[in-house]
Amino acid sequence: MSEPVAPVNLADKLSRFSELWSQKKVAVLNDYEVKLAKLKGEFVWHTHEDTDELFLVISGRLTIQLRGADVVLEPGELFVVPRGVEHCPMADEETAILLFEPTGTLNTGDAGGPMTKAAELLG
């Protein structure tokens with residue numbers, strides 16, 4: 001038996017939560033999770049040794065700080081942080097993003113700490 005076919009409406013999903021820096025899983029593709037998050041302020045410097053990390057800005061403006069350079073993303077732009085590259089996301093205004101990562105990837109990578117949260121399923 002096949003599952004019902006329905007598109008994921010990103011605006012609707014984003015309207016269902018307000019927590020900052022809390023990833024919400026909205027779809028699964030093979031061994032990858034598609035996650036939404038709302039960001040404001042600065043996160044923690046961290047690295048993902050085993051995986052690249054895709055950031056797509058839906059609204060707002062995201063700066064991905066890298067050692068030696070910053071990447072600024074506007075709505076509709078994406079950037080892939082290569083595995084092993086230390087980075088720190090930062091948003092001066094509330095920013096909505098889509099992330100694409102292997103299942104189980106920790107949001108704080110190797111840094112750990114109080115901002116570490118597992119992605120929550122957003123139905």
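**Salt bridges, strand pairing and nonpolar cores**

The side chains of D52 and R83 meet in a salt bridge, with an N to O distance of 3.7 Å. D52 lies in the loop between strand 2 and strand 3, and R83 in the loop between strand 6 (78–81) and strand 7, so the pair ties together parts that are 31 residues apart in sequence. The model is a predicted one. D52 is partly exposed, its relative accessible area being 32%. R83 also counts as partly exposed, at 49% relative accessibility.

The count of salt bridges comes to eight. Side chains of opposite charge can pair when their charged atoms come close. A network of salt bridges links K25, E33, K35 and E101.

Strand 1 (residues 24–29) and strand 2 (residues 32–42) run antiparallel and are joined by five bridges. In this pairing, V28 stands opposite E33 of strand 2. The two strands form a hairpin with two residues between them, in which N30 takes a positive phi near 55 degrees. Strand 2 also pairs with strand 7 (residues 87–102), in the antiparallel sense and over ten bridges. There, L99 in strand 7 is the bridge partner of K35.

V34 lies in strand 2. At 15% relative accessibility, V34 counts as buried. When residues up to four places away in sequence are not counted, V34 touches K24, K25, V26, A27, L98, L99 and F100. The C-alpha atoms of V34 and A119 are separated by 9.9 Å, while the two residues are 85 residues apart along the chain.

Strand 4 is largely enclosed by the rest of the structure, because five of its five residues are buried. In a regular strand the side chains alternate between the two faces of the sheet. In strand 4, L62, I64 and L66 point one way and T63 and Q65 the other way, and all are buried. Strand 4 pairs with strand 5 in the antiparallel sense over five bridges. L66 stands opposite A69 in strand 5. Strand 4 and strand 5 form a hairpin with two residues between them, and G68 in the turn has a positive phi of about 100 degrees. Strand 4 is also joined to strand 7 by four bridges, the two strands running antiparallel. In this second pairing, I64 stands opposite P89 in strand 7.

T63, found in strand 4, counts as buried at 12% relative accessibility. Not counting residues up to four places away in sequence, T63 touches D70, V71, V72, C88, P89 and M90. With neighbours within four places in sequence likewise left aside, I64 is in contact with F55, A69, D70, V71, L73, F79, V81, H87, C88 and P89.

The largest nonpolar core has 15 residues, of which L39, F55, L62, I64, L73 and I97 touch the most other members. At least two residues of this core are supplied by each of strand 2, strand 3 (53–59), strand 4 (62–66), strand 5 (69–73) and strand 7. A second, separate core comprises eight residues, including F17, A96, L98 and L122.

Terms used. Residues numbered from 1 in each chain as written. Predicted model: local features only at pLDDT ≥ 70, side-chain atom pairs only at ≥ 80, totals over all residues. Heavy atoms only, no water. Pairing = 2+ DSSP bridges. Core = buried A, V, L, I, M, F, W, Y, C linked by side-chain atoms within 4.5 Å. Buried < 20%, exposed > 50% of the residue type's maximum accessible area, 1.4 Å probe, protein only. Contact = heavy atoms within 4.5 Å. Salt bridge = Lys/Arg side-chain N within 4 Å of Asp/Glu carboxyl O.
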